[in-house]
Amino acid sequence: MSELARRVVQVDRGVLGPSQPRPRNIRAKHPKDFPGVTATHLAVASRLSSALLMGPPLCDELVAFVQHLFTEEEATVVRHLGQFSGMTAAAIAKAEHRAVEQVEPILETLATVKRAIGSSGPDGQKKYRLMPIMPGIFEMVLIGESPDSLSPWHRRFAELFEALYETGYIADFQHGQTKPTPFVRALAVGQTIEAHPMALPSDRLEVVLERYAAFGIGQCQCRMTMEVAGQGCGRPLGNCTVMGEMAEQGIRQGWLKPVSRQNVLEIKREAESQGLVTWIMNVEAAKGQASCSCCGCCCHALRMVNEFNSPGVIAPAHFLPDFAADRCTYCGKCVTQCPMGALKMDLRQRTRQHLGARCIGCGLCAVACGDRQALRMEAVPDYQLPYKSWYAYQFHATTGLLKNAWTAWRRR
């Protein structure tokens, strides 16, 4: 790992443990506080600040991000887009008092070239909509790029997104939840699956992959962003995987590279050997699926836990580590390998602690322990299976989103 990468685990007088949570550092403002910003950019920033889109409050970082993301002409079109119900080019042209022939190319460029807005439907009836900043705009803008192809525009985009993320605004949507809706879950691959002897079919990547015929690979947006920030960890980038119909669309549009099912398994095993965690959307979907290979120092989802103490986005673990006291030598390898800072160990006093709220059950600690087998992964009795369909997933996610949005709106 690069010496400049963020540290998930700290060493303090012989004690290995997670770093302290970062403070939330955001200053909410009003539109009148931005006299030099165009009304169209402020209108888009206000829409993206919606709690229903898990957006930040209006702030310097958000406005700078929007000004870079959209030109003024693009912003005049984007300001009409809704958060959930899409709009046709004809409807937006009517709202702008412009010809469809003028508006539609702008929308298509934003949806397929910049990938900064969403679109769906056949040509002539296509509808366009706003995406959340994360997950949404951030991932789509960068997934089709690579470190070698990053333009100055993309580099600046990454810098401005990171500045916005570091305000800690995302914690607004995790703290105070009564029933969080986990969006993703960890999956065991390669060596770690051997540490999960009671793994279900839904826990095994090779079983998940059997549902799909099309696979696409993109670049890790999080590690690219941290490389731009000078804090990259040096781990491999080309392992973000999309499957099924979602992969077919990405391959057609050129932001995914087509690969085989066997390629995916090899890529994921290699990623795991580099200390990356495989996670997947928390649903057993037949039409499409997505999977990332993440590190605790760069991944913006895992950093919600590591840096802002907001674990609600990740599903509770199916397996948790169980120590064999007579075999543990307190070497600390399990602690340093954990991507979540879920273990704490005092090397001098020879004590250890498992921080269950941070653990995602990936099994990398058991792999790090090796032949000594001082810990093993034990199944959690009341484990909740992933959602059976995208409909069930969306229903629970929408319910949780509305509750979180209401809580965040009241707090602001």
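A residue counts as buried under 20% relative accessible area, as exposed over 50%, and as partly exposed in between. By this criterion Glu166, with a relative accessible area of 24%, is partly exposed. The structure discussed here is a predicted model.

**Salt bridges**

The model holds 15 salt bridges. One of them pairs Glu166 with Arg22, where the closest N and O atoms are 3.7 Å apart. Arg22 is placed in the loop between β2 (15–18) and α1 (39–48), and Glu166 in the loop between α7 (152–165) and β6 (184–187); the contact therefore ties together parts that are 144 residues apart in sequence. Arg22, at 27% relative accessibility, is also classed as partly exposed.

A second pair is formed by Glu284 and Arg211, whose side chains meet in a salt bridge at 3.7 Å, N to O. This pair likewise links distant parts of the chain, 73 residues apart: Glu284 belongs to the loop between β10 (277–281) and β11 (288–294), and Arg211 to the loop between α9 (205–209) and β7 (215–218). Salt bridges with shared partners join Arg22, Glu162, Glu166, Arg303 and Glu307 into one network. Arg211 has a relative accessible area of 33% and is partly exposed.

Arg156 and Glu159 provide a local case, with a salt bridge of 3.1 Å, N to O, between their side chains. Both residues lie in helix α7, 3 residues apart, which is about one turn of the helix.

| Residue | Relative accessible area | Class |
|---|---|---|
| Arg22 | 27% | partly exposed |
| Glu166 | 24% | partly exposed |
| Arg156 | 40% | partly exposed |
| Glu159 | 37% | partly exposed |
| Arg211 | 33% | partly exposed |

**Helix α4**

Helix α4 spans residues 89–96, and its buried residues are Ala89, Ile92, Ala93 and Glu96. Viewed down the axis of α4, these buried residues fall within an arc of 100°, so they line one face of the helix. The elements covering them include α3 (72–78), β3 (87–88), α5 (100–113) and β5 (127–129). After α4 comes His97, which has a positive phi, near 60°.

Definitions and conventions:
Residues numbered from 1 in each chain as written. Predicted model: local features only at pLDDT ≥ 70, side-chain atom pairs only at ≥ 80, totals over all residues. Heavy atoms only, no water. Buried < 20%, exposed > 50% of the residue type's maximum accessible area, 1.4 Å probe, protein only. Helix = DSSP H or I, 4+ residues; strand = E, 2+ residues; numbered from the N terminus. Arc of directions from axis to C-beta. Contact = heavy atoms within 4.5 Å. Salt bridge = Lys/Arg side-chain N within 4 Å of Asp/Glu carboxyl O.
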